[in-house]
Amino acid sequence: IENPFVGDDGETDEMGVFRPEGVSAERTREDFLQRIGLRAKRRKDIELAKKHYQSGQDKFAEASQASGEQRVILFRQAAEEYQLAAKNWQSSALEQDALMWAGECHFFAEDYYEAEQLYAQLVKEYPRNPYLDHVDTRRFEIADYWLKVDSQNHKPFVYVNFSDPKFPWNDTGGHGKRVLEKMRIDNPTGKVSDDATMRLAVEQFQKGKYEAAADTFADVRLTYPDSEHQFNAQFLELQSLLESYQGPNYSSIPLTEAQKRVKQIVKQFPQEASTREQELNEAYSKIRFQMAERVWYQAD
């Protein structure tokens with residue numbers, strides 16, 4: 001109903017091609033930025049767009065059979081053709097497909113930053129596109145790679161990358177976290193949304209941001225009850241809560257929440273808990289000791 005079938009002549013046709021309108025199509029009037037030339041008007045040259053799209057497909061097929069530097073060159077050429085196709089027929093199914101395949105070309109050429117930008121553009125322009133789960137998988141792989149590289153070789157924020165297309169201009173780790181957070185917003189019920197949330201929580205835990213990590217692990221526990229990460233999320237949430245506790249003169253919430261997590265882990269995951277029995281017993285003993293310490297300070 002929202003996006004009828006439209007033929008090449010612009011008339012509604014049940015046998016025509018399905019062409020969903022993008023978010024930018026909602027701008028029905030020419031705005032100030034378009035009038036002064038800072039924002040391009042929507043283009044629609046169907047034949048030229050189809051020509052570039054077909055050329056992109058041919059280049060993609062050729063690149064898939066190539067190897068070495070020639071493979072990278074062909075994938076980049078294919079990406080250019082796909083982007084020209086998208087540019088010449090905006091707010092169409094062809095633009096939607098072209099943006100996705102342009103992102104794929106840059107991904108296979110290991111231009112990860114450019115690929116992520118194109119995937120993000122596709123999701124922003126077409127929030128309900130049929131490639132969401134596939135795009136999320138790609139974005140997760142890119143974000144995970146950036147975070148791993150940053151943890152092994154962290155560079156200061158002021159460092160600027162001019163030469164390696166695998167990475168953003170600066171702040172590789174920050175960009176990795178931004179992608180994961182954006183994925184959670186763009187597609188909260190997607191196939192890898194729980195993976196993105198768990199990866200973000202683990203990154204916060206490893207960086208010593210225990211309060212934020214506990215909150216994000218709690219998101220996994222509450223939002224994705226069927227996730228394969230449930231046990232690890234609750235176990236690491238317990239560790240994060242214990243690490244975030246600041247002492248008897250501060251809030252007791254981390255202790256009371258940690259006590260709940262211990263009891264729930266043992267009840268909900270008896271088999272997995274048996275493999276971590278010693279750690280869970282130590283955590284529970286620590287919680288009881290610190291609770292007793294709080295009472296002692298109050299009495300004193």
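# A tour through the helices

Start by selecting helix α10, residues 230–244: its 15 residues reach 21 Å from the first C-alpha to the last, close to the 21 Å expected at 1.5 Å a residue. The expected span is 1.5 Å times one less than the number of residues, and helices here are DSSP runs (H or I, at least four residues) numbered from the N terminus.

Before going on, note that this is a predicted model, in which local features need pLDDT of at least 70 and side-chain atom pairs count only at pLDDT 80 or more, while totals for chains, interfaces and linings use all residues. Residues are numbered from 1 along each chain as its sequence is written, and side-chain values use heavy atoms, with hydrogens and water left out.

Because 11 of its 15 residues are buried, α10 is largely enclosed by the rest of the structure. Among them are F231, F235 and L238. The buried residues pack against α8, α9, α11 (253–268), α12 (270–275) and α13.

Next, select R221 in helix α9 (residues 210–223). Is R221 buried or exposed? R221 counts as buried, because its relative accessibility is 15%. Beyond its neighbours within four places in sequence, R221 is in contact (heavy atoms within 4.5 Å) with Q230, Q234, E237, R261 and Q264.

Move on to R294 in helix α13 (residues 277–299). R294 is buried yet has no salt bridge, and E293, the nearest side chain of opposite charge, is 7.8 Å away. A salt bridge would need a side-chain nitrogen of Lys or Arg within 4 Å of a carboxyl oxygen of Asp or Glu. What lies 3.4 Å from a polar atom of the R294 side chain? Look for the backbone oxygen of P248.

Stay in α13 and pick K286. K286 counts as partly exposed because its relative accessibility is 38%. Its C-alpha is separated by 9.9 Å from that of Q259, 27 residues apart along the chain.

Finish with the largest nonpolar core, which has 44 residues; Y82, C105, I142, L180 and M183 have the most contacts inside it. Such a core is a set of buried Ala, Val, Leu, Ile, Met, Phe, Trp, Tyr and Cys residues joined through side-chain atoms within 4.5 Å. Helix α3 gives the most to this core, with eight residues. A second, separate core of 17 residues includes F231, F235, L238 and A273.

Definitions and conventions: Helices (H or I, at least four residues) and strands (E, at least two) are DSSP runs, numbered from the N terminus. Buried means under 20% relative accessible area, exposed over 50%, partly exposed in between (1.4 Å probe, protein chains only). Lys and Arg count as positive and Asp and Glu as negative; His and the chain ends are not counted. A polar contact is a pair of N or O atoms within 3.5 Å; within protein, one must be able to donate a hydrogen and the other to accept it, and residues adjacent in sequence count only if both atoms are side-chain atoms.
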